[in-house]
Amino acid sequence: MHAMILDEKLDFRWAEVPDPVRKDGEVLIRVGAAAVNRADLMQKDGCYSSPPEWPQWCGLEAAGEVEEAPENSRFKPGDQVCALLGGGGYSELVTAPAEMVLPIPEGLSVVEAATLPEVWSTAYLNLQFEAGGLKVGDVFFVQAGASGVGLAAIQLAKLYGARVITTVGSAAKAEFVRKLGADIVVDYRKTDIRDVLAENPPDVALDCVAGKLMGDCLKSMASGGRWIMIASLAGGVTQIDLETVWRKRLKLIGSTLRSRTSEEKGRILRALETELWRHFSSRKLVSHIHAEFPIREVEAAHAILRRAENIGKVVLTF
């Protein structure tokens, strides 16, 4: 098979590599589409490798057709599936533990399905497992609302009845997230988010930005608030008033998905299928696709994320 590997200089190269050998309990998938995530950019830059048991090239989510499956699996050759991966999605074939594979929601294409496993698992994991759930009337703050995770988190929060505050970097992104239901949309280039949060104390925050302003923002959390960090795109250093933390009984939670075990990821995916798959089929929830590129145009696909141009997901097709 061929895969879009990273060579010794960390340049992309479409190269012939050995076909994956399916282990017991794994599903072999012929990939039709793989979505691009910011973690892929970090891997391309040499600072976020795949876990050792996964292929050492990019790709955290993919969709396609089952080629082989365990005898006792619910999957069979020819089934259309999507999968959450620890790496290796930028290839013609990939294997994944059966618990990390899901049927494609009814009515969705392979390209659409490739955008589901990573960002929706991330959003669900953090809103439900880490934050302990959102309830009607809660205030939810999410950074980078037009990103894949941001769009998923906004929709989930509205599904649970929360009031949503989010940040964006352009008028077009602001318009899009408002249509998804975001209640307060902040263009961070024009408005100080600290002022907005001071007037609207969040119960839960999902933060991929962090940076020096994070400590000031934390002061505005509601009592018992949960601030969940999944990345630090604006930098990893801030100053936190610890007295605010204990007086308000705040929880600062660090969270990643990629390093979790297959069993943990499987529990999240089963919850997605049970609770959300029907909403994708009915189009109550959508995973917006910003652009599609053939796999050999991976550099152009990555460039869109690097320039923060995307509203939603960028997908590579095979």
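Below are my entries, from the whole chain down to single residues.

**Ground rules.** I am looking at a predicted model, where local features need pLDDT of at least 70, side-chain atom pairs count only at pLDDT 80 or more, and totals for chains, interfaces and linings use all residues. I number residues from 1 along each chain as its sequence is written, and side-chain values use heavy atoms, with hydrogens and water left out.

**Whole chain.** I looked up the secondary structure and found 11 helices and 15 strands (DSSP runs numbered from the N terminus: helices are H or I with at least four residues, strands are E with at least two). The radius of gyration is 19 Å, close to the 20 Å of the globule rule for 318 residues, so the chain is as compact as a globular protein of that length. That radius is taken over C-alpha atoms, and the rule is 2.2 Å times the number of residues to the power 0.38. Along the principal axes, the C-alpha atoms fill a box of roughly 55 × 40 × 35 Å.

I then checked burial: 55% of the 318 residues count as buried. Buried means under 20% relative accessible area, exposed over 50%, and partly exposed in between, with a 1.4 Å probe and protein chains only. For contacts (heavy atoms within 4.5 Å), I noted that residues 24 or more positions apart supply 66% of those with a separation of 6 or more.

**Cores.** Which residues touch the most other members of the largest nonpolar core? They are Tyr90, Trp120 and Phe140, in a core of 93 residues. A nonpolar core here is a set of buried Ala, Val, Leu, Ile, Met, Phe, Trp, Tyr and Cys residues joined through side-chain atoms within 4.5 Å. I also found a second, separate core of 16 residues, with Val139 and Phe141 among them. Beyond four places in sequence, Phe140 touches residues including Leu127, Ala153, Ile165 and Leu206.

**Alanine 62.** I found this residue in strand S4, residues 61-68. Is Ala62 buried or exposed? Its relative accessibility is 4%, so Ala62 counts as buried. Leaving out residues up to four places away, its contacts include Val31, Cys82, Leu85 and Ala114.

**Isoleucine 230.** This one sits in the loop between strand S12 (226-229) and helix H8 (242-247). Ile230 counts as partly exposed because its relative accessibility is 25%. Beyond four places in sequence, Ile230 is in contact with Thr122, Asn126, Val149, Leu206, Asp207, Cys208 and Ser255. I noticed that Leu206 is also on the contact list of Phe140.
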